[in-house]
Amino acid sequence: MKIVLNNNEENFASEKMTIRELLNEKNFTFKLLVVKINGKLVKKDKYEETYISDGDKVIVMHMVSGG
């Protein structure tokens, strides 16, 4: 499977994977993440059931707050 992750082309052996699987494989461990697939926001409670497919554009952002 080939996707665009944070504006970089990435290749994976599997045909599709969940957001949780992607986060684990790429070692995204930050607690406050925002994930979009093809411009659509995915809620954290849907990471285990939302699949990423070949050709998808995925954005994973770390939320940072401060003052």
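Lys 26 is partly exposed, at 32% relative accessibility (buried is under 20% relative accessible area, exposed over 50%, partly exposed in between; 1.4 Å probe, protein chains only). This is a predicted model: local features need pLDDT of at least 70, side-chain atom pairs count only at pLDDT 80 or more, and totals for chains, interfaces and linings use all residues. Residues are numbered from 1 along each chain as its sequence is written, and side-chain values use heavy atoms, with hydrogens and water left out.

**View A. Lys 26 and Glu 10 form a salt bridge.** The term means a side-chain nitrogen of Lys or Arg within 4 Å of a carboxyl oxygen of Asp or Glu. Here the closest N and O atoms are 3.1 Å apart. Lys 26 sits in the loop between helix H1 (19-25) and strand S4 (33-37), and Glu 10 in strand S2 (residues 8-11), so the pair ties together parts 16 residues apart in sequence. Helices (H or I, at least four residues) and strands (E, at least two) are DSSP runs, numbered from the N terminus.

**View B. Arg 20 pairs with Glu 48 in a salt bridge.** The N to O distance is 2.9 Å. Arg 20 belongs to helix H1; Glu 48 lies in the loop between strand S5 (40-42) and strand S6 (51-53). The pair links distant parts of the chain, 28 residues apart. Arg 20 is partly exposed at 27% relative accessibility. Glu 48 is partly exposed too, at 48%.

**View C. Glu 9 meets Lys 2 in a salt bridge.** N to O is 3.7 Å. Glu 9 is exposed, at 56% relative accessibility. Lys 2 is partly exposed, at 41%.

**Overview.** The whole structure holds 4 salt bridges.
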